[in-house]
Amino acid sequence: MTALQDDQFNSGPAYKQPWFWLIMAPLMTTIVVGTSMLVYSIFAYDGRTIDQYTKDGFNVTQSFKREQKAQSLQIKGNATINNDVLTLDLTGVLENKPTALSLTIYSPATKIQDVKIELLLVDGKYQAKVETQELSNRTMQIIDPDDETWLIQTKSSWPISGSTLFTPYMSAY
């Protein structure tokens with residue numbers, strides 16, 4: 001190499017050279033983006049798993065025991081809303097009907113917007129007063145007794161028009 005070429009390569013600190021920035025820019029971008037994604041994943045928990053999932057080692061499985069119990073008892077429910085009163089007609093092979101059922105209406109976005117309604121047994125049917133404005137844009141509903149031995153559910157939009165059938169729904173979402 002000649003003296004002129006040596007001066008071109010040694011003409012000051014590395015950060016003043018364009019080749020340095022061509023090499024370092026992608027590396028620094030990767031570090032900044034990776035760190036910001038890590039921070040976001042730690043603080044922005046989006047765990048909206050509402051089914052009965054269990055973790056066994058690295059394997060995640062879904063349990064259908066409660067749905068199978070409801071299916072063996074042939075439990076079905078037909079829900080209607082009239083004058084802001086939700087009525088559920090529950091059918092199936094039950095020795096004793098539960099005195100109360102829990103209807104949980106899940107919001108697709110956040111757990112804070114979930115609505116839980118207690119249905120009480122009145123004249124052979126389950127009833128509860130609801131405000132249909134609160135229930136708009138909800139997608140999945142689950143009905144279970146207080147002892148959580150069985151479960152029936154449906155996927156429909158609320159507020160319901162006409163009637164909605166609740167069945168033991170055994171499928172991954």
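**Burial, exposure and charge in a predicted model**

Q: Why is E148 called partly exposed in this predicted model?
A: E148 has 48% relative accessibility. Buried means under 20% and exposed means over 50%, with partly exposed in between. The value for E148 lies in between, so E148 counts as partly exposed.

Q: Where is E148 found?
A: E148 is in the loop between β8 (140-145) and β9 (152-155).

Q: What makes E118, D146, D147 and E148 a negative surface patch?
A: Asp and Glu count as negative, and a patch takes residues with over 30% relative accessible area and no salt bridge, with like charges joined within 9 Å. E118, D146, D147 and E148 form such a patch. For E148, the accessibility is 48%, so the area condition of over 30% is met.

Q: How do you know that the buried residues of α3 line one face of the helix?
A: The buried residues in α3 (residues 65-72) are R66, E67 and A70. Seen down the axis of α3, they fall within an arc of 100°, and therefore line one face. An α-helix has 3.6 residues a turn, so residues three or four places apart point the same way.

Q: Which residues are exposed on the other side of α3?
A: K65 and S72 are exposed there; exposed means over 50% relative accessible area.

Q: What follows α3?
A: Q74 follows α3, and its phi is positive, near 55°.

Q: How many helices and strands does the protein chain have?
A: The chain has three helices and ten strands. Of its 173 residues, 29% are buried.

Conventions: Residues numbered from 1 in each chain as written. Predicted model: local features only at pLDDT ≥ 70, side-chain atom pairs only at ≥ 80, totals over all residues. Heavy atoms only, no water. Patch = residues over 30% accessible without salt bridge, like charges linked within 9 Å, V, L, I, M, F, W, Y side chains within 5 Å. Areas by Shrake-Rupley, 256 points an atom, 1.4 Å probe, with all protein chains shown as cover. Salt bridge = Lys/Arg side-chain N within 4 Å of Asp/Glu carboxyl O. Charge placed at Lys NZ, Arg CZ, Asp CG, Glu CD. Helix = DSSP H or I, 4+ residues; strand = E, 2+ residues; numbered from the N terminus. Buried < 20%, exposed > 50% of the residue type's maximum accessible area, 1.4 Å probe, protein only. Arc of directions from axis to C-beta.
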